[in-house]
Amino acid sequence: MWHEATVLRIDRQSPNTRLFTLMVLDDFMFQFKPGQFITLDLPIHEKRRLRLRSYSIANIPNKENILQLSITKLEGGKGSSYLFDEVKEGHILSFKGPGGVFTLPKVLPEKLVFICTGTGIAPFRSMLLSLREKAIRDIAIHLIFGTRYEDGILFREEMKSFQNDFDYFRYSVALSREEYISKSTNPDVHKGYVHSIYQKEYADIHKNIKFLLCGWSGMVDEAVANLKKMGYEERDVYYELYG
Ligand SMILES: Cc1cc2nc3c(=O)[nH]c(=O)nc-3n(C[C@H](O)[C@H](O)[C@H](O)COP(=O)(O)OP(=O)(O)OC[C@H]3O[C@@H](n4cnc5c(N)ncnc54)[C@H](O)[C@@H]3O)c2cc1C
């Protein structure tokens with residue numbers, strides 16, 4: 001089903017990432033499951049199939065029909081350049097959705113490990129907000145976020161604040177291109193890629209654990225292969241590929 005939404009705000013999250021806050025112009029509440037995405041029809045091509053770009057919803061369903069999308073501008077990327085350069089507050093966007101099956105497991109395990117790079121954090125923010133809203137505290141969650149530089153860390157303060165909402169919430173950051181980060185602002189920062197963090201932490205097979213991975217294929221494919229090699233079952237590894 002197609003919908004329309006007005007752009008309410010565009011906020012800078014990092015040098016090349018913006019948080020787009022939209023309001024869906026439906027008379028009814030726009031429902032979706034945390035982890036799902038919408039697909040925008042952007043006027044960047046004559047053929048509709050070449051105009052479609054999907055974005056994970058970064059927030060949770062709400063009466064105001066607000067949707068938040070965290071979007072990175074790709075050099076030369078048609079859709080993201082249009083969103084960054086042409087779309088302003090008040091702009092109306094056309095979209096379909098929600099879509100996708102990348103959602104929280106029906107039966108929650110003892111431990112959830114979220115692994116993401118860049119805007120791949122968006123579905124996990126939605127899932128965390130949803131668990132918090134339902135006051136589910138007694139689940140162990142480890143969020144492993146990777147980016148190149150410190151200024152690419154998305155939702156940083158909010159992610160740290162989840163430590164107050166869950167009995168055990170661990171937030172690890174992997175910086176692939178920067179040596180130093182101020183220790184006072186984030187205690188769990190690693191130099192390198194996300195892989196070394198879960199490979200070390202979960203080398204001994206945990207029972208009752210699910211790994212959820214989200215981002216571009218470079219990271220996700222490698223992580224899926226690594227987890228398999230480490231001995232985890234396919235059914236314990238869920239993923240969403242951005243491309
Ligand atoms: C289910 C789903 C959810 C998504 N959610 C988000 C989201 O929440 N936020 C977001 O920013 N994007 C998200 N994406 C990606 C988004 O749909 C677009 O692909 C992205 O914005 C690039 O579109 P573009 O038109 O700017 O680039 P295009 O003109 O389509 O060109 C992009 C090209 O760059 C390639 N590419 C290679 N490496 C990378 C890389 N590291 N990063 C980007 N592109 C690379 C792509 O494969 C593609 O060929 C999602 C994709 C899917 C399928």
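**Close-up views of a predicted model**

**View 1. Phe20 stands opposite Leu69 in β5.** Strands pair here if DSSP finds at least two bridges between them. This is a predicted model: local features need pLDDT of at least 70, side-chain atom pairs count only at pLDDT 80 or more, and totals for chains, interfaces and linings use all residues. Residues are numbered from 1 along each chain as its sequence is written.

**View 2. A hairpin joins β1 to β2 through 2 residues.** β1 spans residues 2-14 and β2 spans residues 17-24. The two pair in the antiparallel sense over 8 bridges. Within this pairing, Thr6 stands opposite Met23 in β2.

**View 3. The protein chain holds 5 helices and 12 strands.** The radius of gyration is 18 Å, close to the 18 Å that the globule rule gives for 243 residues, so the chain is as compact as a globular protein of that length. The radius is taken over C-alpha atoms, and the rule is 2.2 Å times the number of residues to the power 0.38. Helices (H or I, at least four residues) and strands (E, at least two) are DSSP runs, numbered from the N terminus. The C-alpha atoms fill a box of roughly 50 × 40 × 35 Å along the principal axes. Of contacts with a separation of 6 or more, 70% link residues 24 or more positions apart. A contact needs C-beta atoms, placed from the backbone, within 7 Å.

View 4. Buried residues are Met219, Val220, Ala223, Val224 and Leu227. A residue is buried if 20 or more other C-beta atoms lie within 10 Å of its own, exposed if 12 or fewer, and partly exposed in between. The cover over the buried residues includes β7 (111-117), β8 (140-147), α4 (194-201), β11 (209-215) and β12 (237-241).

**View 5. Helix α5 runs over residues 217-230.** At 1.5 Å a residue, its 14 residues should span 20 Å; the end C-alpha atoms are 19 Å apart, which agrees. The expected span is 1.5 Å times one less than the number of residues. Just after α5, Gly231 takes a positive phi of about 110°.

Conventions: Two residues are in contact if their C-beta atoms, placed from the backbone, lie within 7 Å.
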